[in-house]
Structure formats: structure tokens, C-alpha cells
Amino acid sequence: MISIENVSKSFVLHNQGTAEIPVMQGASLTVSAGECVALVGASGAGKSTLMRMIYGNYLTASGRIMVGDVDVARAAPREIIQLRRRTLGYVSQFLRVVPRVSTLDVVAEPLLATGTDADAARTQAETLLTRLNIPQRLWALSPTTFSGGEQQRVNIARGFAFPYPALLLDEPTASLDPTNRATVLAMIAEAKTRGAAIIGIFHDHAARDEICDRQFDMTKFTMGPAA
Amino acid sequence: MTPLLQVETIAKFYGSRIGCADVSFDLYPGEVMGIVGESGSGKSTLLNCLAGHLTPDRGAVRFDTRAQGLRDTITMSEPERRMLGRTDWAFVHQHARDGLRMNVSAGGNVGERLMAVNARHYGDIRNEAIDWLGRVEITEDRIDDRPTAFSGGMQQRLQIARNLVTGPRLVFMDEPTGGLDVSVQARLLDLLRGLVREMNLSAIIVTHDLAVVRLLADRLMVMKDGHVIETGLTDQVLDDPQHAYTQLLVSSVLQV
């Protein structure tokens, strides 16, 4: 489902003496449907960078990143938008939302964007929020004022609302209590069972060992200190 | 899929000075494109060339018309272009007073645009106006008030209702949230996002506010000195900018 071939990346900082910071070179990785692979390596090894390259958030200097039949490294913006809508989900570490939009609508949005009718999307969002222990009295509020752990769970609910065939998870269990952590791990396991290809970053080693089938060590492809 | 708008090497000069030059892009149905750049970068000139308010010196702006497919809006006749302006196109000005008739009631402002596309039944027009005022969160009891009695945020929402009532397919916006305080801005952004999704609108938004484009635009175009210096997916351009100027622009945003 996800196939990364020989990718490289560097950052050029034009306003800081045109410093060129090489981040990675020659990284290759294949993830099949139903498989979960953990990216490992010290901080600065390029784990998040690779994840952002797969999502099309960072440009890829060379190589191929196939997600389904789209090469993200070369795709036009609208192809990537389409890919993100139906194929590739991403749970980042930080929730970024329009102020004033209710938590329920934030979670339902990926479903609305793919043509689910409003009632069904809201029902599905309610189910997810209940499962992740977000109290019902918070649903009508914007998540911008929530605690870190609550925002993280809203982010996860949103990321799991649509059944993407490929998922990127950046520290999905960070800042969660044991109960919610177990729920999130169960949700990841269910996504694997339905055939999702998953790439994750977990600093929670117990979670990583429990849920991931393989580890991919980024250190080998790291060129130097990352940005 | 046919692009809704096909822009080919547009250029506009003010004497020997460049307004904008060599701008080309395709916009597809449902896409929202942001244009950012500092004052004088040519972004408003470009928008006005695209919307038919200025005649570019070079290039073509082809719009996928309902009847005849792709037509160059620069070479079409003035009545045809005006018709597009009343039906398939909408233009949201930065200052609501430029897009509203200030001495006509709120309902009249919305209804007028309907009458321009041959709506004649008073009751229907009034009901449609009430419906649209509701969608932009203006209560029915304000329908007979003039925009002069509205706050800046309400005027801007009224301008949006007036523009969208005829079900346009392409909306041009020039700094739609400029000059509004941030809480009003957030409300307007939320409203615009909902409308874009429900009506499958395409939009071109000119702004200097990077936070606005991050929330509204799928794609981004960065302009400097009349030229496009960088384009791409909005979050990619903002998070991994390639051009020196874009890097400066992104790193100059103050953190709250």
C-alpha cells in the first residue's frame, strides 16, 4: 500500500546564510495492507520528516513515495488533496482547527468531506468521542480550550473517523492515561484488521512492541542533525 | 476533468511598471486557491484581471461556461462578461461597502442580485433572502435594516449572502477578513468553509494573512514583485517553503 523508494531530503535555509541541512538519503520502505511499521531513531533522525514527506506536507527531493497508485513525491496538489480525502489519514501530534467549530463537527469533518450525510457523520463522531471518553458536555465546544490529552483524543477520533486504507500516526498514545491508551491501541489494531497500512512513531515502547509488526531504523539514512 | 478556470500567461503593466506577469494556473471545481504576498506584490491586480475588472495586456483567462464550455473571458463581449459576473461569478470585496448598496435594505441587497437573473416573484425573492440571511447568521428581524446600521462583521456576511444567493461556481475574494477583529474573522472563516463544502464552490482568495489561507485554501500561490515565485499545496508551502522570500514570509509571522 505504501512504498517508499530511495528518497532523500534536505532543507535549504536561504535567510540563514543559505545553510543546507541534509536530513536523509536513500531511505526505502514498503508497508503492506494490514501491517503496522514503527519508525525508530533518536530525536532528529528524521522520523517526523519522513512522515510529513509521505503526507505531502514536505517536498521530497528525489525518489518515489507511492501511496496506492499516487506518487506523492511528484503528484499535483489536487491529486494529494484527493489522496488525503479518501486514502491517506494522518494523526499529527497537534490539533489544528478553525476556532469556534464544535468538537463534534471537527470529528465529523472527514466524513462530511467524503460525502457522508450530516446525520450519519455526526452519529459516527458521537460514537468515537464516547469511546475515547470525551464527556458529552464538551461536544458542542471548540476543542481549542481543551487539555492536552483531550485535544489528542479529539485528534485521534478525527483521524479514525474515515476508514483510510493508509494511516500515519505521530505519537498517538503520548499524553494519554492507561485507559485511553488501551482504547487507542485497540483502535489501531482494528484498523490493521480491516487492512489499513500504518506507519507510526511511538516513544511509548510498550505500545510500539504491542502494536507494530516491524521497526524501521531511520538512523541509517540520516545525514546529520535535522532541522 | 475540465478545469473551471484556466489562466494562461496573464500580464498587466502600468506603464513600464509590472502589475503582474507570467501567471498561469488551472483551478478545478471545488478547489480553493490562496494568493499571498506583501502590498504591491501584484496579487490584487491579478485578481482584478481574473474577475474581469481589469483588462490584462497579455494572456488568456478561460472559464468553463455552462453553455459553451471553456471561453476566454478577456475576449468575450462586455454583456457576456457582465452576465457571468451576475451569475457564475461572485466577488467579495475587502470593504463591504464596495460590494453592497448601502442605502438599500439587507433584504434588498440580496434580492437585487436575484432580480438581476430574472427572479420576479416578490414572495419568493423575500423568502430566498431570509433563507440566505439566516445562513450567514443574520436574523430575520434585520431584513429591512440598511447595511449602514450593521457592524463590520455583519456587513461582510451580508456581502457574502448577496454574492452567493445566485449559486455562483467561482468566488473571487479580496482580503475577505481584512479589517475585522479576530473573533469576527474566525466566525467568517467557519462560515466560508461550510459554504465552500456545501456548494462545491471554487474560490480564489487574495490575502496577506497566512493563517487565513491555511484554514481556507487547498493550494497556495506566493507572489513578489508581480511574479509568482512559489506554488503548491497550502500546508506544504507554509511548512516547507522553498523560495527565500516565502521562507522569510513564513518565519516573520508572530506567534500568539
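For the charge count that follows, Lys and Arg are taken as positive and Asp and Glu as negative, with His and the chain ends left out. On that basis, chain B of this predicted model carries 27 positive and 33 negative side chains. The centres of the two sets sit 6 Å apart.

As for the overall build, chain B is put together from ten helices and ten strands. Its radius of gyration comes out at 18 Å, close to the 18 Å that the globule rule gives for 256 residues, so chain B is as compact as a globular protein of that length. Laid along its principal axes, the C-alpha trace of chain B spans about 55 × 45 × 35 Å. Of the contacts in chain B between residues at least 6 apart in sequence, 67% bring together residues at least 24 apart.

Meanwhile, 52% of the 256 residues in chain B count as buried.

The largest nonpolar core holds 90 residues, and within it A:Phe160 and A:Ile188 touch the most other members. The top contributor to this core is helix 7 of chain B (residues 182–199), which puts in six residues. Leaving aside residues up to four places away in sequence, A:Phe160 packs against A:Val91, A:Leu128, A:Leu167, A:Leu169, A:Met187, A:Ile188 and A:Ala191. There is also a second, separate core, made up of 37 residues, with A:Ala27, A:Val72, A:Tyr90 and A:Ile201 among them.

Definitions and conventions. Residues numbered from 1 in each chain as written. Chains lettered and ligands numbered in written order. Predicted model: local features only at pLDDT ≥ 70, side-chain atom pairs only at ≥ 80, totals over all residues. Heavy atoms only, no water. Core = buried A, V, L, I, M, F, W, Y, C linked by side-chain atoms within 4.5 Å. Buried < 20%, exposed > 50% of the residue type's maximum accessible area, 1.4 Å probe, protein only. Helix = DSSP H or I, 4+ residues; strand = E, 2+ residues; numbered from the N terminus. Contact = heavy atoms within 4.5 Å. Rg over C-alpha atoms; globule rule 2.2 N^0.38 Å. Charge placed at Lys NZ, Arg CZ, Asp CG, Glu CD.
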